[in-house]
Amino acid sequence: MQFSTFQKNLDNWQGSSLIFGILEEEIASQLENIKFVVDPKLLLKKVTQKKFKGEKGKTLSFEFLDQKLETLIIVGLGKSKDLKKSDMENSIGNLIRKTVDKSEKISILLPWESIISKLEINQLAESARLSAYKDNRFNKNKDEEKVLKEIEFLNLKKFENISFDDTEKICEGVELARRLVAAPPNSLTPQEMSMQATKIAKDNGLEVKILEAKECEDLGMGAYLAVAKGSDLDPKFIHLTLKSEGPIKEKIALVGKGLTFDSGGYNLKVGASQIEMMKYDMGGSAAVLGAAKALGAIKPKGLEIHFIVAACENMINGSAVHPGDVVKASNGKTIEINNTDAEGRLTLADALTYASNLKPDSIIDLATLTGAIVVALGNDVAGFWSNNDDLANDLKAASAQAGEDLWQMPLQKSYKEGLKSHIADMKNTGPRAGGSITAALFLEEFFDKKIKWAHIDIAGTCWTDKNKGINPSGATGFGVKTLVQWIKNKSI
Ligand SMILES: [Zn+2]
C-alpha cells in the first residue's frame, strides 16, 4: 500500500472515496471545506437530520450514484480542545478497516491544523495502513488481492515535501511480523523461519548465517538443543547482520524467542493454557525479523546490528527432555529443568550467550516468555527489565514515540533465591509468584554483565482476539515499531 498527498487546489481533485474528519463545533463552516465535492448546504441538512454533531467516534456514510464522489464518510473527532492524535488514529483506523475491500484508493481530509508535525502525519499514515492489514493466506480468499492500494492525504499544505518512506518500511516490518506470528505451526517451522530470514537478508543486503544442530552442539548450546530434541523438526539458529557503511559507532544485538510451537513438553499444556494458540510463541523472533526487514531497508547510519533467533519446537517424543534433567548452556552454567514448559528461557540462554560473545554495546531480547506478565499487565502493555537506566529510558522514549506501551519491571535480586537448585547452578523456573521477574533474573545469567541489556516480555501483547486500535484481530507485530524507533533515534 502506498501513501500520497494531493497538494493542488481541491477543485481539481478526482477521487471517489473520501473520509472527512469533523470537530464537535461549528459544523456548517467545517462542511464548507468539502464544497469541492458536495453542496455544503445540502449536506448540512442531512447531517442535522441524522442528529450528527461531530461526537468522537460517530460516523455518517453517504453513497452517491451520479457523482464522481461515490462514498463520503464523515467521522466525528469530538471537541477540538480534547482532540488527541490517538483518537484520530483510532477513528481513521476503524474506518479504513471497514472500507479496505471496497475502494482501491481512499482519501482523507482532517482538521490538519490540530496536527503539528510531519512525524504525526506519518504516525497517522502508519496506523491507517496497519489497521487495513488483512491476512487471507490460509483461507479460500487466498488469491484475492486486498483492494485498497493507496491512502491519499488531502490539503496538507502545511507539510510540503513530506516523505512516507520510513513509515512504509516500518509497516512492512510490522506486517511481516504479523504474518510470521499468525502462520500456523505446520507452515512456519524452524526451517521455514530460517528461509524467511534468509530472504530478508538477500533482499536487503544483510549477512546471513544459519547454524544447524551439529554446529550448535559444537558451540555447547546444551540448553537450546535440550528443548529442540523433543521435535522431529531440526532446530535452526538464525543470525543476520546489518552493517552500516562507514565507521561503526555502536554494536547492537536483538534476540528473539523463536518457538514455532510450544506444547509445553512433558509439562504438557493442559486445561486453559491455550495450547492451540502456541504458534505465537515465536512472537519475539517475529519482532526481531520484522525489525531486520524494516532496518535493512531504512539502513541506519553508524551501527552494526545483529538479529539472533534460536528457532525450534517444544514437543514430546522418546528423546524429549525429562522434567528434572540437568543441561549445560554454552556459557558453562548448568540448569535443572524443573519445568519443560519454561523452554523459552532455555533457548534464550544460548542465544544470549551467543549474542554476548559478539561483544555488543547493548542487547535487547523479546519473548513471549511468561503467563505471569499477562496476569501483571494484561494485553495492552508489555513488561520490560533492564540492567541500565540509560537504555531503559531510551527504550521508554522509543516505545512512546512508536505508540507501543511498555512498563518497566524490577530486577528484584531477592527473588533469585527462587531459582536455586540442589543439583545444578540454577533451576529454570522459580515459584509462581513473580514468575515474569524470575524469568528475567534467569536470563541475566547468560551474558557479560558489562553489556547494557533489556528484556521485553510480549506474551500479553503479541496477539489480540478482537480488533483493537491499529491492530486487526490476530497477530499485532508488537515490538517492531519500538525496536526500529530506538535504533532510528541512535542514528540521528
Ligand atoms: Zn512454554
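Domains and a helix pair in a predicted model

Q: How far apart do the C-alpha centres of domain 1 and domain 2 lie?
A: This is a predicted model, in which local features need pLDDT of at least 70 and side-chain atom pairs count only at pLDDT 80 or more, while totals for chains, interfaces and linings use all residues. Residues are numbered from 1 along each chain as its sequence is written. The protein is divided into domain 1 (2-160) and domain 2 (168-490), with bounds from an automatic or database domain assignment. Their C-alpha centres lie apart by 38 Å.

Q: Which element gives the most residues to the side of domain 1 that touches domain 2?
A: Contact requires C-beta atoms, placed from the backbone, within 7 Å, and 14 residues of domain 1 are in contact with 15 residues of domain 2. With 6 residues, the one that gives the most is α4.

Q: Are helices α6 and α9 roughly parallel or roughly antiparallel?
A: The axes of α6 (residues 190-204) and α9 (residues 283-298) come within 9 Å and cross at roughly 15°. Axes are lines fitted to C-alpha atoms over the stretch in contact, with angles from 0 to 180 degrees between N-to-C directions. Angles under 35 degrees count as roughly parallel and over 145 as roughly antiparallel. The crossing angle therefore makes α6 and α9 roughly parallel.

Conventions
Two residues are in contact if their C-beta atoms, placed from the backbone, lie within 7 Å. Helices (H or I, at least four residues) and strands (E, at least two) are DSSP runs, numbered from the N terminus. Angles under 35 degrees count as roughly parallel, over 145 as roughly antiparallel, 65 to 115 as roughly perpendicular and the rest as oblique.
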